Amino acid sequence: MSLRFYNTMTRSLEEFKPIKPGEVRMYTCGPTVYAPAHVGNYRAYTFEDILRRYLIYKGYRVTQVMNITDIDDKTIRDSSAKGITLKEHTQPLIDMFFEDIDRLNIQRAEYYPAATEHIDEMVAMVKKLLERGHAYRSGDSIYYKISTFPKYGSLSHMKIEELMAGARIDSDEYEKETASDFALWKGWTEKDGAVFWETSLGKGRPGWHIECSAMSKKYLGEQFDIHTGGVDNIFPHHENEIAQSEGAAGKKFVNYWLHNAHLIVESKKMAKSEGNFFTVQDLVDQGHDPLAIRFVLLSTHYRQQLNFTMDGLEAAKAAITRLRDFKSNVESATGSGENKAVNEAIEKAVKGFEEGLDNDLNISPSIAAVFDFVREINSIVADKGLSDSDREEVLKILRKFDSVLGVIFVEESEIEADIEEMIQKRLEARKNKDFQTADKIRDELLSRGIILEDTPSGTKWKRKIS
RNA sequence: GGCGGCUUAGCCAAGUGGUAAGGCGGAGGUCUGCAAAACCUCUAUUCUCCGGUUCGAAUCCGGAAGCCGCCUCCA
């Protein structure tokens with residue numbers, strides 16, 4: 001079966017066909033760096049990571065762009081409230097963002113363009129929109145005239161008349177001809193303080209939506225394959241992007257629109273007032289392994305609302321532990337002779353894994369296929385062991401699954417010298433049948449996060465996933 | 001008010017017409033000095049509720065209840 005995605009534009013499952021065979025260009029909506037990103041934000045980035053990784057798994061060459069929105073009402077508001085420059089406010093948050101995606105094992109995109117570094121591109125696009133009659137100047141600001149773009153509303157499936165009927169009129173945007181028009185360029189006001197650019201459009205700053213149109217064009221061209229974001233972005237952000245990009249280029253902007261659902265926490269909407277609003281850092285501070293967070297975020301289909309719970313986080317730890325123990329069991333397995341059952345298990349697992357993800361990244365059946373595989377191979381290992389070549393085949397395929405999941409093969413930090421000593425001491429004690437001492441050492445190590453396992457081939461240690 | 005989504009075991013979560021995947025948790029067993037890991041067995045006669053269509057429905061249709069979104073800068 002081929003790869004299919006649910007396209008928000010058509011509200012249907014469509015076979016994925018890239019514009020250029022073997023290559024995928026995609027734009028993934030990134031963070032607005034006004035406050036630390038919360039776990040809900042990372043649901044989106046994790047989904048985008050699974051998408052990216054699976055495309056690579058399928059053999060595509062991927063060019064991914066993720067924008068960094070470092071200029072908007074909130075970054076201005078918060079930086080001026082603190083009396084620091086925009087950059088001083090956003091840079092620490094950008095650093096935190098990269099720290100978080102690294103520890104969640106989210107692969108880096110090819111480009112992370114910051115809005116403030118692409119003002120020229122935005123100005124050029126606004127000019128183009130003025131030229132083509134899609135925009136008008138009002139006072140010091142420039143607005144997009146949505147009545148010039150008949151397709152407006154096609155992504156969100158909303159009718160312009162309805163939007164107009166329900167539109168609220170923002171007091172400081174009274175100059176718009178129609179309430180539902182949106183700002184491309186905002187003329188400087190006192191509220192903006194030192195945040196402005198002197199451009200051929202005048203003194204001011206860009207509207208929010210124009211950055212994505214301008215930056216996607218710069219890095220991906222006027223037309224590309226996939227655009228993603230949270231469901232909240234469908235309207236107005238992505239709708240406006242389409243209007244801008246297609247209005248400026250005169251051709252279709254994006255072929256596949258993918259949107260992820262939000263997450264709730266302990267069955268409740270995540271909100272500061274509920275006390276269930278937290279960041280990745282908060283969870284790490286509580287001692288939770290970031291990859292357990294990753295597993296929680298990736299294990300629910302992206303279009304399904306995800307219920308983030310502490311029980312779920314604990315379950316994820318246990319699941320990852322099982323997968324890593326499996327890896328370790330296989331690595332130390334010995335045996336002779338090819339085993340037909342191994343190949344059968346591999347074939348079945350690959351089929352199940354790909355069937356799930358091919359179907360709009362439906363990851364649950366894929367994870368099920370991996371766990372079925374674990375049980376089958378473990379059973380073979382317990383029964384007959386694995387030959388060298390079978391072992392390598394199993395590890396190869398596990399590594400391939402993990403190229404998407406990203407939770408099994410991780411760098412293990414070296415064991416500390418004193419821990420090694422304690423393990424040796426315990427070995428001695430066991431030899432002398434001094435099990436009391438041996439158990440005491442084992443307990444001590446456990447309290448330091450080291451789990452010992454006595455196997456026929458010696459004592460193994462591993463780090464506990466917290 | 002308009003538009004959309006969801007409701008499956010103690011928890012998480014697949015399944016979209018043919019008789020309930022998988023994970024976690026729990027129970028019992030094998031192995032082990034004891035553990036751990038691993039393996040084996042068991043853990044929803046039933047899919048929010050009420051009707052209907054059908055030989056057959058968690059899946060389709062109608063209705064009800066609950067939850068969650070979007071409706072101009074929130075992933």
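### Cavities, a pocket and a sheet in a predicted model

Helix H1 makes the biggest contribution to the lining of the largest cavity, giving four residues. Helices (H or I, at least four residues) and strands (E, at least two) are DSSP runs, numbered from the N terminus. A cavity is a set of points on a 1 Å grid over the protein atoms alone where a 1.4 Å probe fits but cannot get out, while a pocket is an open set with protein on both sides within 12 Å along at least five of seven lines; lining residues have an atom within 4 Å of a point. The model is predicted, and local features need pLDDT of at least 70, side-chain atom pairs count only at pLDDT 80 or more, and totals for chains, interfaces and linings use all residues. Residues are numbered from 1 along each chain as its sequence is written, chains are lettered from A and ligands numbered from 1 in the order in which they are written, and side-chain values use heavy atoms, with hydrogens and water left out.

Chain A is divided into domain 1 (4-260), domain 2 (268-405) and domain 3 (417-463), with bounds that come from an automatic or database domain assignment. Between the C-alpha centres of domain 1 and domain 3 there are 55 Å.

The volume of the largest cavity is about 100 Å³, a volume being the space filled by probe spheres set on the grid points, which are joined across faces, edges and corners. Its lining is made up of Arg 43, Thr 46, Phe 47, Ile 50, Leu 297, Leu 298, Thr 300, His 301, Tyr 302, Leu 361 and Ile 363. Helix H1 (39-57) and H9 are the elements that give two or more residues to this lining. Seven of the lining residues are nonpolar, three polar and one charged, where Ala, Val, Leu, Ile, Met, Phe, Trp, Tyr, Cys and Pro count as nonpolar, Asp, Glu, Lys and Arg as charged, and the others, Gly among them, as polar. The largest cavity lies between domain 1 (4-260) and domain 2 (268-405), because both give residues to its lining.

The second largest cavity holds about 70 Å³ of space. Around this cavity stand Pro 31, Thr 32, Val 33, Ala 35, Pro 36, Ala 37, Tyr 42, Leu 93, Met 96, Phe 97 and Asp 100. Helix H3 (residues 86-103) provides the largest share of that lining, four residues. By class, nine residues of the lining are nonpolar, one is polar and one is charged.

Next comes an open site. The second largest pocket contains about 640 Å³ of space and has 27 lining residues, with Arg 324, Glu 412, Lys 462, Arg 463 and Ile 465 nearest its centre. At least two lining residues come from each of helix H9 (290-298), helix H10 (310-331), strand E15 (450-455) and strand E16 (458-463); H10 gives the most, nine residues. Of the lining residues of this pocket, 13 are charged, eight nonpolar and six polar. Domain 2 (268-405) and domain 3 (417-463) each supply at least three residues of the lining.

Strand pairing is described next, two strands being paired if DSSP finds at least two bridges between them. Four strands form an open sheet in the order E4-E3-E10-E11, with parallel pairing. Strand E4 (61-66) and strand E11 (254-260) are the edge strands, each pairing on one side only. From one strand to the next, the twist averages 20°. Strand E10 (residues 224-230) is joined to E11 by six bridges in the parallel sense, and Phe 224 is opposite Val 254 in E11. Helix H6 (residues 210-220) packs on the sheet and touches strand E3 (23-28), E4 and E10, its direction making about 160° with that of E3. Contact here means heavy atoms within 4.5 Å; axes are lines fitted to C-alpha atoms, for helices over the stretch in contact, and angles run from 0 to 180 degrees between N-to-C directions.

Elsewhere, the peptide bond from Phe 235 to Pro 236 is cis, with omega near 5°, and Pro 236 is placed in helix H7 (residues 234-249).
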